[in-house]
Amino acid sequence: MGETRDIEREAGVNGDSSGTTSTAASSNANILVVDENSHPDAPIRDAAGREEVDEADSSPPTPRFIQDESSWKRFKWVPYPVRRGIRATVKWTKGPPVPRRFRIKPLFPQVQQFPIVLLDKYLPNKLHRAALVLVLYAVWILSFAFTLQNGQSVSEIAEWGRLVKIGCGSTYWTPGNGCGLDGLDCRPFDDGGFPFRCPGNCGSYQVLNPHAVGDQEVIYKPLVVGGPPADGDGPAIYRGDSFICGSAIHAGVISDATGGCGVVRLVGLQSNYNSTKRNGITSVPFDSYFPLSFTFEHDIQCSSRDPRWSLLAISVVFTTVFSLFVTHPGLFFFTQFSGLFWTTGLAMDTPTYTDLASLFSREIGLYLPAMFVAWVMYDKMGVRRTLKGLTAHMEKTVLWLGGAWVGSLTNYTFDFIPIQRLTGHDLNQQPGARAALAIIIIVLTLIVVFQIWFFRQEARLRSHLKLYGLFAVGLIICLVLPGLNLRIHHYILALLLLPGTSLQTRPSLLFQGLLLGLFINGIARWGFDPILQTALALRGDAPMQSPLPVIAEPEISPNKSITFSWESPPTPLYDGISVLVNDVERFRTYFDDSNSMPGAGSGGAGNAVVTNVTWTRPTGLVTEDQPEYFRFAWVSGGTRGDYTKAGRWDGGREWAEMRPGPALKARDRGDEAGRVVGMERAREVMVDLRKREVDIL
């Protein structure tokens, strides 16, 4: 009778005991404690799940609630149920006692592994396989380069010369008063033109900030003002600040899908621009006149098509071949990354460029740092873990590679989502943006909950929670930095979410491919834009919320003239005023110089302070019932502030005051460099054509 037998029953999670039944038989042995209750204050058992009371220590065990209090001394203000819930949550995040490593079991394994079996049968030698990979690379690059170069070939149009490549946002009339006073820097207004070539997908090129057209403000649509006459009899006439490529699509000269070529011709001052819906674009009406207008020559024979769809087909074929026949995760990943990057940057979502050499130079400058980030993704962010040992090659092709293509083509696949930029200003301004963001957040939340369950099963949840805690701290620091604004770009969002896909499950394959494609699209199209930007950089051409001139009731004269006067500027920094008439700058008057511009008045002589301007309605240019629109902005040196909304004068005695608030910011020329790429070359072509006409005469 010199030994003790313990009978223990274990219950709970991860070996914790909720109750024990013990029996003892000894005349001179340990005393066994019997505890059949599961009271929360019951003593906590030791690691072996049992409690032994030494004969020499007859003191009672410490109750559980006292032990709990000792570990929460600094947090006594936290209620006990809350502390208990926190402990349970922390314990839950640890995962099951035996972690599970998820592996995809291929559907129809014989079918999915057939390409590998075929490769093992005919090319068992690794050296031969390496040679085949190099041959495929060479064929891919050569076919891609040949198709791209062939698509860039420029043909000539009889009597017009060689085609000039322009961007989707190219315009005759430089935005933001870039044409100068009275538009003199954009002359000639008529008797000119040039042959042009547009890329594909220009129908989706939109203005992202309000653009004034008379008393209207165009936003989130193509800037196409005008079209065919209301009676349909006559050519389509467009205002000079319209997108040339968008107008060509509207007129039916080129295709939105493949782009095309044509000849644009200046027709000078026109009026009454009609609004029509054609070829997926609804043009903007304008019921007054504009000094520069253009139309398109019909029956022009030219050959030019955007090669993007041919290039996409080539890359899709080769990436699919590599996905089906390559088992090494590194070779598969970096091949797909490179193929998607160059196809996106050179074909599917290219930035505005003048020639192929400049485009290639830009993309190679982005590709090298992007490859370093790709290595970090592969080796440190879980891509290797997802792809290693994956034998479901067809599922990998459909889910991972298909998702990557969908993500890299966001300008097509996600173009329906009404969110252009993830900034507070744009979300409040764009219709439907906040609702779309709410839906996206709900979907992402469901996906996160789904992924959390899988990470817990693999006992990797805690490490990822720590990682995302660091991400959250970094984002909070970025938010509180003074003078800077946090902007989550495409590639930033992909990098933040990518570690959450480091699982070998079918949903993770899809999510990882989508995020990789999103990263590629962001870098190949926009580059490594900073995550922190100033308010000025984010605003772009949006109103800067500068003070607006307060215009008094104008004086209208019987001789078809109108005189405007204003209150003093709010600060001495403003030393002049700019006046737009029908969106053309007609006055730029400085207060201390009454002779600064014709039409400016002071009520006195010499260098008296200018207090008004007078505009005389042009004769012989417009009909009596056509209105004119006026906007005003303060000037500080050579810098203009925000313009007011338009006031309307009907040419008679009626004046409609402008509504409160700014209309648009008058931008400097450099602000729209991307829009006017190719137009300098176009003007050179027009000068050459004029010289030819002079020589012929």
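Colleague: Why is cysteine 261 called buried?

Modeller: Its relative accessible area is 7%, and buried means under 20%, exposed over 50% and partly exposed in between (1.4 Å probe, protein chains only), so cysteine 261 counts as buried. This is a predicted model, where local features need pLDDT of at least 70, side-chain atom pairs count only at pLDDT 80 or more, and totals for chains, interfaces and linings use all residues. Residues are numbered from 1 along each chain as its sequence is written, and side-chain values use heavy atoms, with hydrogens and water left out.

Colleague: Why does cysteine 302 count as partly exposed?

Modeller: Cysteine 302 has 26% relative accessibility, so it falls into the partly exposed class.

Colleague: How do you know that a disulfide joins cysteine 261 to cysteine 302?

Modeller: The S to S distance is 2.0 Å, and a disulfide is a pair of cysteine sulfur atoms within 2.5 Å. With 110 degrees about the S-S bond, this link of cysteine 261 and cysteine 302 is right-handed.

Colleague: What makes cysteine 179 and cysteine 186 a disulfide?

Modeller: Their sulfur atoms are 1.7 Å apart, and the two cysteines form a disulfide. This link is left-handed, with -75 degrees about the S-S bond.

Colleague: Why are cysteine 179 and cysteine 186 called buried?

Modeller: Cysteine 179 has 1% relative accessibility, so it counts as buried; cysteine 186, with a relative accessible area of 3%, is buried too.

Colleague: And how many disulfides does a search of the whole structure find?

Modeller: The search gives 4 disulfides. Another of them links cysteine 198 and cysteine 245, with sulfur atoms 2.0 Å apart.
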